[in-house]
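Here are some friendly notes to read alongside the model. Take the points in order, and keep the 3D view open as you go.

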Amino acid sequence: MFNRPQIGIDLGTVTMMACRKGREELILEPSLAAILEGGTEPAAFGQEALRLIQQKPSSFTPVQPIKGGTIADEKSAVELLAYILNKTGSSRSLFSRKPEAAVCISTGATDVEKRAVVKALYISGAGRVRLIEEPLAAALGSGIAAEEAEAHMIVSIGGGKSEAAVMAAGRIILSHTARTGGRDLDEAFSRFMSENYNLLISPSTAEETKLKIGSAPGFHQSESYVIRGIDAVSGLPRSVEIQPSILEKIYEAPLKKILHTALRSLQSLPPETSGELLDRGVVLCGGGALLPGLASWMSDIMQIPVQLSPCPVEAAVKGASLSFNLSESGESL
Ligand SMILES: Nc1ncnc2c1ncn2[C@@H]1O[C@H](COP(=O)(O)OP(=O)(O)OP(=O)(O)O)[C@@H](O)[C@H]1O
Ligand SMILES: [Mg+2]
């Protein structure tokens, strides 16, 4: 009989990722659906949805299927998942069985949220679904031996959430989550521009600014950057030149919320486990971890080494697809 294709999936607020076991290729699509104005059915998903929404003028409105790792809009989530499964080449045909999905789930997800994820996967075409806690998946994808008896700590910073977890012997000992991620840095910047310069900017301009000149406090990027937007009073296009040092200040409040999740985990540990982490340090993953200077800013405050995963963005999805090997060889997840 034919085997089921095995697919690792990371349901991101910003990016949905899938990786079919045994294949190198990573499927990566914006977590987005586009609805034609006045309609109710999503007309496009992923990259195509983003293109339609960013057209000027656009008659499409965005729908966000996933927020903070859980289902925010079931209908669009199911259709986006079906679209992604199809892209992995695992949709059901005459000669194949429905795929088996290993899906990353936040340690902060409630039972209701977990059931919603499982249900969405089944409706979208999966034949078997199992959940893997995202920090364990990220550890596996980063090449960290989470099954060791000694403790490891992972801090994952996504677009809509952050998660700090300490694990040992293949299990999460404790974790803390916050609904704060890279998008909150962008929102803080948009608010600042509106309140201080009367300049309204799009979410993509706020994110682009972060990617060009953003950094954590103390990193000191030097090049200034021109921000284009719309004058809140006249409604006319206007631009403002800003210095990167201002971004460090604007990002400080949301970054402190993220840091707080890590500190809470660290402070809740028994002394011998803290001692293990003192030498080993913390591994950062998720797209938000790529902010220049973040690892050293966190390390200075937490007073332990902090380093970036070798594959911060795709660690969790890679780990989810690798988790099939563990369960097949009888190891626990
Ligand atoms: N070089 C970079 N510097 C700073 N931030 C970055 C960089 N690259 C990506 N990001 C940010 O990372 C975030 C997306 O990360 P990621 O893809 O891990 O999130 P996600 O998995 O979709 O969301 P979540 O896990 O919160 O549900 C975005 O806010 C993006 O702006
Ligand atoms: Mg994520």
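1. Let's begin with the rings. This is a predicted model, and two aromatic pairs are counted in it. In one of them, the ring centres of phenylalanine 45 and tyrosine 83 lie 6.1 Å apart; their planes meet at 35°, so this pair is tilted. The angle falls between the cut-offs, since stacked needs under 30 degrees and edge-to-face over 60.

2. Now find where these two partners sit. Phenylalanine 45 belongs to strand β5 (residues 42-45) and tyrosine 83 to helix α2 (residues 74-87), so the pair links distant parts of the chain, 38 residues apart. Phenylalanine 45 is buried, at 11% relative accessible area, whereas tyrosine 83 is partly exposed, at 28%.

3. Phenylalanine 192 and tyrosine 197 also pair up, with ring centres 6.1 Å apart and planes at 65°, so they count as edge-to-face. Tyrosine 197 is partly exposed, with a relative accessibility of 35%.

4. Next, have a look at ligand 1. Its surroundings comprise 19 residues, and the closest are Thr13, Val14, Gly160, Glu207 and Lys210. By type, the shell holds four nonpolar, 11 polar and four charged residues. Helices α5 (182-197) and α6 (203-213) each supply at least two of the shell residues, and α6 gives the most, with three.

Conventions: Residues numbered from 1 in each chain as written. Chains lettered and ligands numbered in written order. Predicted model: local features only at pLDDT ≥ 70, side-chain atom pairs only at ≥ 80, totals over all residues. Heavy atoms only, no water. Near = heavy atom within 4 Å. Helix = DSSP H or I, 4+ residues; strand = E, 2+ residues; numbered from the N terminus. Nonpolar A, V, L, I, M, F, W, Y, C, P; charged D, E, K, R; others polar. Phe/Tyr/Trp six-rings, centres within 6.5 Å; stacked < 30°, edge-to-face > 60°. Buried < 20%, exposed > 50% of the residue type's maximum accessible area, 1.4 Å probe, protein only.
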